[in-house]
Amino acid sequence: MAGISSITTSNSSSVSSNDIKPWIRGFARIGFISRGIVYMLIGALAIMAALGIGGSTSDSSGAFSAVASKPFGEVILWILGLGLIGIVLWHLIQVVKDPEHGKNDGKSMFRRLANLITGIAYGSLTYNAFAIAMHAKSSGSGSKQTLSAKLLSQPFGQWVVGIVGLIIIGYALYEIHNAYTEKYTNKFKRHEMSEKEWELGRKTGKLGLYSRGIVFLLIGYFFIQTAITADPDKTQGLDGALSKIAQQPYGQWLLGIVAAGLVLYGAFQILTGKNRHMSMY
């Protein structure tokens with residue numbers, strides 16, 4: 001009995017020592033919530049554009065600029081930027097530790113690379129929030145063209161841009177597959193959620209991931225077009241993808257549906273921040 005007790009104590013202390021620190025979990029949860037707010041802002045602006053009552057088919061910079069123009073908007077941006085630091089830290093921790101997986105399986109390197117790219121992307125998003133709050137930057141999509149122009153000027157630049165486009169398309173297909181299989185629900189602490197909260201998380205995740213996947217498919221397509229034509233003006237981000245949707249037959253309806261999906265994705269991220277598993281495997 002004493003041996004069993006000592007083994008149990010040893011195992012529990014090992015799990016405790018390997019567990020993710022509470023302050024890291026707290027920062028990550030705030031980060032997920034902040035990311036959700038950003039997507040809800042983008043979606044809300046696009047819905048307004050679809051309804052013809054203002055708004056815009058903007059990306060995060062446009063959404064931040066819209067917030068900055070409101071009373072206390074700059075203060076809100078500072079808070080949002082600080083919150084987004086949490087999601088950056090969480091992804092960087094996943095790069096170094098891969099904490100949610102017990103074994104260094106064949107997918108580990110892919111997960112780490114994906115988290116590195118995501119962390120860098122949200123680092124840029126965080127910078128934008130602070131820069132706009134300090135009047136250091138205005139909204140616009142020129143940065144995508146500038147980046148693609150720099151890439152195109154390098155040796156094998158068209159190949160690099162094309163590969164980036166394929167990676168984005170691959171990620172989009174992964175998001176759509178994730179929505180179809182509902183694997184995202186595995187991250188929820190279901191035993192701590194009410195039935196209504198569980199259903200809300202499942203439905204908002206499904207519709208939100210589908211919408212986000214469609215938008216990223218378009219962004220990847222724009223990068224491929226840039227690689228083929230060597231024209232950096234072909235490169236578009238989230239704002240360009242939403243504008244392209246609006247230009248299609250029944251575009252305002254399509255834009256409204258996709259925009260509503262982005263709002264739901266934002267709600268899903270907020271629920272994720274509250275209910276996501278964040279512990280060692």
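Predicted model: local features only at pLDDT ≥ 70, side-chain atom pairs only at ≥ 80, totals over all residues.
Visitor: Is serine 243 buried, partly exposed or exposed?

Guide: Look at its relative accessible area, where under 20% would be buried and over 50% exposed. Serine 243 has 24%, so it counts as partly exposed.

Visitor: How far is the C-alpha atom of serine 243 from that of alanine 49?

Guide: The two C-alpha atoms are separated by 10.0 Å, although serine 243 and alanine 49 lie 194 residues apart along the chain. For the whole protein, take the contacts between residues at least 6 apart in sequence: 73% of them join residues at least 24 apart.

Visitor: Let me step back to the overall fold. How many helices and strands are there?

Guide: The protein has 10 helices and 0 strands. Reading from the N terminus, the order of elements is α-α-α-α-α-α-α-α-α-α.

Visitor: How do I describe two helices that pack together?

Guide: Two packed helices are described by the angle between their axes and the distance between the axes. Take α2, residues 22–51, and α4, residues 73–97: their axes come within 7 Å and cross at roughly 120°. That angle makes α2 oblique to α4. The crossing of this pair is left-handed.

Visitor: Which residues of α2 and α4 meet?

Guide: On the α2 side they include Ile24, Phe27, Ile30, Phe32 and Val38, and on the α4 side Leu80, Leu84, Ile87, Trp90 and Ile93. Gly31 of α2 and Gly83 and Gly86 of α4 are also among the residues that meet. By class, the residues of this contact are 15 nonpolar, 5 polar and 1 charged.

Visitor: What about α7 and α8: at what angle do they pack?

Guide: Their angle is about 165°, with the axes 8 Å apart. Angles over 145 degrees count as roughly antiparallel, so α7 is described as roughly antiparallel to α8. Here too you can check the hand: α7 passes α8 in a left-handed crossing. The contact of α7 with α8 has 22 nonpolar, 7 polar and 3 charged residues.

Visitor: Now the interior. What should I expect there?

Guide: In soluble globular proteins, nonpolar side chains tend to be buried together. In this model, buried residues make up 42% of the 281 residues. The largest nonpolar core has 48 residues, and Phe64 and Leu242 are those with the most contacts inside it.

Visitor: Which elements give two or more residues to this core?

Guide: They are α2, α3 (60–68), α4, α5 (108–133), α7 (157–181), α8 (195–229), α9 (238–246) and α10 (251–275). The largest share, 9 residues, comes from α2.

Visitor: Last topic: backbone angles. What is the general rule for phi?

Guide: Most residues other than glycine have a negative phi. Two residues here are worth a look. Glutamate 182 is not a glycine, yet its phi is positive, about 60°. Tyrosine 250 likewise has a positive phi, near 60°.

Visitor: Where are glutamate 182 and tyrosine 250 found?

Guide: Glutamate 182 lies in the loop between α7 and α8, and tyrosine 250 lies in the loop between α9 and α10.

Visitor: Is tyrosine 250 buried or exposed?

Guide: Tyrosine 250 has 68% relative accessibility, so it counts as exposed.

Key. Residues numbered from 1 in each chain as written. Heavy atoms only, no water. Axes fitted to C-alpha atoms, helices over the stretch in contact; angles between N-to-C directions. Helix = DSSP H or I, 4+ residues; strand = E, 2+ residues; numbered from the N terminus. Parallel < 35°, antiparallel > 145°, perpendicular 65-115°, else oblique. Left-handed = near helix turned anticlockwise from the far one by under 90°. Contact = heavy atoms within 4.5 Å. Nonpolar A, V, L, I, M, F, W, Y, C, P; charged D, E, K, R; others polar. Core = buried A, V, L, I, M, F, W, Y, C linked by side-chain atoms within 4.5 Å. Buried < 20%, exposed > 50% of the residue type's maximum accessible area, 1.4 Å probe, protein only.
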